[in-house]
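Please open the model in your viewer and keep the selection panel at hand.

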Amino acid sequence: MIKIHLSKLLGERRMSQKQLSELTGIRRNAINEWYNEIATSIKFEHIDKICEVLGCSIDELIEYIPNKVPRTGRHLIIEEHGNQKDKENQ
């Protein structure tokens, strides 16, 4: 699981999502998705800009937490458009 700590970092700096958007040039909707941890993709350019403005490192912004149930290897679920949904069903 990927945890995004943007809300915590903004709170510590008493900065709003709007201010971050204005300082980085990143759309407010994209900042809001990060803030609420609902982003499905992240641009390297955005990481660079956010870390620069907040004066933080990548590992302060984004954290990897191992999944309780593995999602790779024999547990891999293939997307619907693939030939199969679950490798275990082979």
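Select H2 (residues 17–24) together with H3 (residues 28–35), and look at their crossing, which is right-handed (left-handed is used if the near helix is turned anticlockwise from the far one by less than a right angle, right-handed if clockwise). Helices here are DSSP runs of H or I with at least four residues, numbered from the N terminus. This is a predicted model, in which local features need pLDDT of at least 70 and side-chain atom pairs count only at pLDDT 80 or more, while totals for chains, interfaces and linings use all residues. Residues are numbered from 1 along each chain as its sequence is written, and side-chain values use heavy atoms, with hydrogens and water left out.

H2 and H3 pack at an angle of about 125°, their axes lying 9 Å apart, where axes are lines fitted to C-alpha atoms, for helices over the stretch in contact, and angles run from 0 to 180 degrees between N-to-C directions. That angle makes H2 oblique to H3 (under 35 degrees counts as roughly parallel, over 145 as roughly antiparallel, 65 to 115 as roughly perpendicular, and the rest as oblique). Now show the side chains of Gln17, Lys18, Leu20, Ser21 and Thr24 in H2, which meet Arg28, Ile31, Asn32 and Tyr35 in H3; contact means heavy atoms within 4.5 Å. By class, this contact has three nonpolar, four polar and two charged residues (Ala, Val, Leu, Ile, Met, Phe, Trp, Tyr, Cys and Pro count as nonpolar, Asp, Glu, Lys and Arg as charged, and the others, Gly among them, as polar).

On the H2 side the contact is made by Leu20, Leu23 and Thr24, and on the H4 side by Lys49, Ile50, Val53 and Leu54.

Then turn to H3 and H4, whose axes come within 13 Å and cross at roughly 80°. H3 and H4 are therefore roughly perpendicular to each other. Ala30, Ile31 and Trp34 of H3 make the contact with His46, Ile47 and Ile50 of H4, and these residues divide into five nonpolar, one polar and no charged.

Finally, which helix gives the most to the lining of the largest pocket? Select H3, which contributes three residues. By class, the lining has five nonpolar, three polar and three charged residues.

Conventions. Helices (H or I, at least four residues) and strands (E, at least two) are DSSP runs, numbered from the N terminus.
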